[in-house]
Amino acid sequence: DPSELAFACFYADCVHEVRPVTAGCRLVLIYNMMRPGVSELPQPPADNTEVDRVADLLGRWVAQGTAGGDAECPQKLVWPLEHAYTLAEMRFPTLKLADAAVGAVLLAAAQRAACEVFLAFLTIAENGSAEYVYSPRSGRGAYYAADDADFEAGEVCDRWLTLGDWQSVDGSPCLLDTLPADDAELCPPH
């Protein structure tokens with residue numbers, strides 16, 4: 001019955017889970033979307049106002065950081081992107097949707113403010129407690145080894161951010177090492 005058909009469509013590099021089929025059938029259609037020809041790629045609309053605002057903010061940030069070593073001024077600014085990228089596709093020309101627009105604005109604004117822009121993988125790691133959650137499991141008998149599904153995250157004790165696998169604007173690998181990041185460096189905050 002077509003009215004009972006459910007479907008999902010997403011990029012293959014999105015985090016997803018395929019669960020076992022318990023009833024019915026699963027039909028999977030996998031394809032590559034390609035754009036024929038070598039014409040120029042579509043570009044987001046001109047964001048001159050946003051570029052002006054971001055260039056002004058970056059200029060003030062640079063001035064504040066160089067004017068006297070303000071301890072409150074972050075050493076770098078980190079703008080997390082919305083989409084999850086693989087190392088192979090993490091390049092400015094391959095940014096997707098809103099990320100492409102943000103990238104274009106940041107590149108233009110950074111050039112005006114004499115700042116450097118890179119792409120990097122942001123890793124957020126948390127360490128804390130886990131609480132056991134009892135759930136009866138059929139067919140396991142009286143005793144069984146607990147697995148991750150038997151626990152819920154509790155209080156977070158430690159949290160750290162790192163930036164690695166840096167990419168230059170031109171797509172070439174960057175020689176920067178993995179660097180620590182701080183919540184105060186995230187833009188926008190939180």
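**Exercise 1.** In which helix is the place of Leu97? Describe the setting of this residue and its phi angle.

*Solution.* As a starting point, this is a predicted model in which local features need pLDDT of at least 70 and side-chain atom pairs count only at pLDDT 80 or more, while totals for chains, interfaces and linings use all residues. Residues are numbered from 1 along each chain as its sequence is written, and side-chain values use heavy atoms, with hydrogens and water left out.

Step 1: Leu97 has its place in helix H2, where helices (H or I, at least four residues) and strands (E, at least two) are DSSP runs numbered from the N terminus.

Step 2: with a relative accessible area of 72%, Leu97 is exposed; buried means under 20% relative accessible area, exposed over 50%, and partly exposed in between, with a 1.4 Å probe and protein chains only.

Step 3: the phi of Leu97 is near 50 degrees, which is a positive value in a residue other than glycine. Most residues other than glycine have a negative phi.

**Exercise 2.** Where is Ala114, and is it buried or exposed?

*Solution.* Step 1: Ala114 is found in the loop between H2 and S1.

Step 1: its relative accessibility is 71%, so Ala114 counts as exposed.

Step 2: the phi of Ala114 is near 60 degrees, again a positive value in a residue other than glycine.

**Exercise 3.** Which element gives the largest share of the lining of the largest pocket?

*Solution.* Step 1: a pocket is an open set of points on a 1 Å grid over the protein atoms alone, where a 1.4 Å probe fits, with protein on both sides within 12 Å along at least five of seven lines, and lining residues have an atom within 4 Å of a point.

Step 1: the largest pocket is lined by 46 residues, and Phe118 is among those nearest its centre.

Step 2: the largest share, seven residues, comes from H1.
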